[in-house]
Amino acid sequence: MSARQDTRLGILLMIGTCVLFSLQDGISRHLAAEYNVFMVVMIRYWFFAAFVMTVTARQAGSLRAAAATAQPVLQITRGVLLALEICVMVTAFVLLGLVESLAIFAGYPLIVAALSGPLLGERVGWQRWVAIGIGFVGILVILKPGVGVFSPYVLIALTAATLFAVYSLLTRRAARKDASATSFFWTGTVGAVVMTCIGLFHWEPMVPADWGWMALLCVTGASGHYLLIRCYEVAEASAVQPFTYLQLVFGSMIGVLVYGEVLRANVLAGTLIVVSAGIFTLLREARKA
């Protein structure tokens, strides 16, 4: 069996990736509740950029080769969007909690499918539109508008999901001309530059214990990306993509067990609807590809 056909290993690597990214979300929630979000994301990006440059230089042969692109504006836009999305999402973790933030964010594949037509010129068939509509019904179930107290903080999580969807679409557009190593390089370096320009103005002294958490945040982030790279090296994306929803499961467990959040019935029901619609959309895209 060739490396590209080792689907079982790919699934295991994706599960490990989801565990690490969930830990990263939980630690981010803790640190951002104590310190400025921009500073936390800035330090996280410093470590991430070093990891990115190491990986891409090895893949492309040199940093100059990794950075070579015919579409720098697109690559810079991608990097800025992802940095902004991370800041918005971490803010949602603090204000809304992990459970509801991740439940709403799970709808981003549906936003990708809805926007793939106007942004990429792709044809979206009626079956995918039905799945998109069902998915957004699930989001409404999670938000429960008109029943009880509607939290405006859900709009922060929705904004993060939309930003990540646009980032994903721009990544697909960039892939038409640039190698994955090039896009990865620009993602890490642009984000580090942008966050440094913003985060240095929001620096706050950290207690020693939280520096330990910050170090763990950086390690889990880099390790998660390493497992993700290995995952796509050994398995087809269409085979492992549905397992990315496990990050929602693991992140919600951290929210409930560590931060005392409550998994409400409407959030659980809405999440099941969103995830089902999202998996159907992913499988349709894979079959079309």
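The following questions and answers concern a predicted model.

User: How is the model numbered and which values count?
Analyst: Residues are numbered from 1 along each chain as its sequence is written, and side-chain values use heavy atoms, without hydrogens and water. Local features need pLDDT of at least 70, totals for chains, interfaces and linings use all residues, and side-chain atom pairs count only at pLDDT 80 or more.

User: Is E261 buried or exposed?
Analyst: E261 is in the loop between α12 (246–257) and α13 (265–288); helices are DSSP runs of H or I, at least four residues, numbered from the N terminus. Buried means under 20% relative accessible area, exposed over 50%, and partly exposed in between (1.4 Å probe, protein chains only). At 15% relative accessibility, E261 is therefore buried.

User: Which backbone nitrogen does the side chain of E261 reach?
Analyst: Beyond four places in sequence, E261 touches residues including R29, G97 and V256, contact meaning heavy atoms within 4.5 Å. At 2.8 Å, its side chain reaches the backbone nitrogen of L98.

Methods:
Helices (H or I, at least four residues) and strands (E, at least two) are DSSP runs, numbered from the N terminus. A polar contact is a pair of N or O atoms within 3.5 Å; within protein, one must be able to donate a hydrogen and the other to accept it, and residues adjacent in sequence count only if both atoms are side-chain atoms.
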